[in-house]
Amino acid sequence: MKALKILLILLLLGGASAATVMYSGIVNVAADEPHSDIVYWLLEETREASIKKSAQHIKVPDLESPELLLMGGADYEYMCSSCHLKPGLEESDMSIGLYPQPPNLSISHETHQHGTDEELARQNFWVIKHGIKASGMPAWGKTHSDERIWAMVAFIKRLPTLTPEQYQVLTAID
Amino acid sequence: MKTNFIKTVGKIALILVPAITLSMNASAHDPKMHAKKAEKADCSKMDHSKMDMKDPVAVAMMKKCMKQSKSSMEKMDHSKMKEMDHSKMKGMDHSKMKGMDHSKMEKKENKKANSDDHQNH
């Protein structure tokens, strides 16, 4: 009985302090004001774990076909390059102004990339299809077929190796 | 009551944040960027002698450029082109296209290298 009472009081206290923090307005939601290190770490770990778990059973198709590169290239240029940049474009209003910042997908992140090519491919597929909450990364699966999303995964895989000229040809309209 | 309100606010935020960021897509400040969105492929800088035709990127570029030149040819009125001398079309030097296997270009997919993704690195 006593333990239950203490638990209840603690719960109430916790709820009350959470509400105080929420409604006092001291939490700054401005995108030009970075999270503290601890909050950033919490959010990042949570996101990584979520993506890893959700994506683990996705089957990765063959991503080495020229047709996929062409399909994915045109879509990438039109829908993604404003945020995720491209060869020859190192920053944009989006890449500077959004927080969390959209990663530059045109340079390779080998230093901090964990996992195999296959893991990376299925995680990218999942992120593109479902998006990431409260980050500006949209869920493209609501309006695009899996095939088109895999095409973008295939394109992103080769993107860091492309010169601006190669990128221009691959992503141009027919 | 209160939790419902909080949930609603949360949902509104979740919808508004991506919606607003997305709709700002067109506001990049370099005016060159909104000049023309849809560009034709610039195939003039392609150096065929340096292209490895086993690489999907190179094959994809060839396909794009071939398709593009085909569609612009279709718009030409061939009946008006009298005395067109094909022997003078020397722009393309096929002998310089190393490793290009035309028999493979018809196929839908290029199956190479998928058994071992790592050899590309």
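For the complex, the predictor reports an ipTM of 0.78 and a pTM of 0.74. The mean pLDDT of chain B is 66, and 42% of its residues score at least 70. Within chain B, confidence is highest in helix H3 (residues 56-74), at a mean of 86. The lowest mean, 52, belongs to helix H4 (residues 102-105) of chain B. Residues 106-121 of chain B have a pLDDT below 50, and this stretch makes 25 contacts in the model beyond near neighbours in sequence. Where pLDDT is low, predicted coordinates should not be read in detail.

Chain B contains 4 helices and 0 strands, and its pattern along the sequence is α-α-α-α. Of the 121 residues in chain B, 20% are buried. The chain exposes about 9800 Å², of which carbon and sulfur atoms supply 59%. When contacts in chain B between residues at least 6 apart in sequence are considered, 54% of them join residues at least 24 apart.

The largest nonpolar core comprises 43 residues. The members that touch the most other members are Leu63(A), Ile128(A), Phe155(A) and Leu170(A). Two or more residues each come from helix H2 (37-55), helix H3 (66-79), helix H6 (117-130), helix H7 (146-158) and helix H8 (164-171) of chain A, and also from H3 of chain B. The greatest contribution is that of H7(A), which gives 8 residues. In soluble globular proteins, nonpolar side chains tend to be buried together.

Contacts of Leu170(A) involve both chains. Leaving aside residues up to four places away in sequence, Leu170(A) touches Leu70(A), Gly73(A), Ala74(A), Phe155(A) and Leu162(A) in chain A, and Val57(B), Ala60(B), Met61(B) and Lys64(B) in chain B. Lys64(B) is located in helix H3 of chain B. With a relative accessible area of 4%, Lys64(B) is buried. Under the same exclusion of sequence neighbours up to four places away, Lys64(B) touches Leu70(A), Val169(A), Leu170(A), Ala172(A), Ile173(A) and Asp174(A), together with Ala41(B) from its own chain.

The domain assignment divides chain A into domain 1 (1-30) and domain 2 (37-171). A distance of 38 Å separates the C-alpha centres of these two domains of chain A.

Across all chains, a search of the whole structure finds 1 disulfide. This bond joins Cys43(B) to Cys65(B), with an S to S distance of 2.0 Å. The torsion about the S-S bond is about -95°, and the disulfide is therefore left-handed. Cys43(B) lies in the loop between helix H2 (31-35) and H3 of chain B, whereas Cys65(B) lies in helix H3 of chain B, so the pair ties together parts that are 22 residues apart in sequence. The two partners fall into separate accessibility classes: Cys43(B) is partly exposed at 25% relative accessibility, while Cys65(B) is buried at 11%.

Two cysteines of chain A, Cys80(A) and Cys83(A), were also examined. The closest cysteine sulfur to that of Cys80(A) is in Cys83(A), at 8.6 Å, which is too far for a bond. Cys83(A) accordingly is in no disulfide, and its nearest cysteine sulfur is that of Cys80(A). Both residues are buried: the relative accessible area is 11% for Cys80(A) and 16% for Cys83(A).

Cys80(A) is placed in the loop between H3 and helix H4 (81-84) of chain A. Apart from residues up to four places away in sequence, Cys80(A) touches Asp75(A), Leu85(A) and Met152(A).

Definitions and conventions. Residues are numbered from 1 along each chain as its sequence is written. Chains are lettered from A and ligands numbered from 1 in the order in which they are written. This is a predicted model: local features need pLDDT of at least 70, side-chain atom pairs count only at pLDDT 80 or more; totals for chains, interfaces and linings use all residues. Side-chain values use heavy atoms; hydrogens and water are left out. pLDDT is the predictor's confidence in each residue, from 0 to 100. Contact means heavy atoms within 4.5 Å. A nonpolar core is a set of buried Ala, Val, Leu, Ile, Met, Phe, Trp, Tyr and Cys residues joined through side-chain atoms within 4.5 Å. Buried means under 20% relative accessible area, exposed over 50%, partly exposed in between (1.4 Å probe, protein chains only). Domain bounds come from an automatic or database domain assignment. A disulfide is a pair of cysteine sulfur atoms within 2.5 Å. Accessible areas come from the Shrake-Rupley method with a 1.4 Å probe; for residues, only the protein chains shown count as cover.
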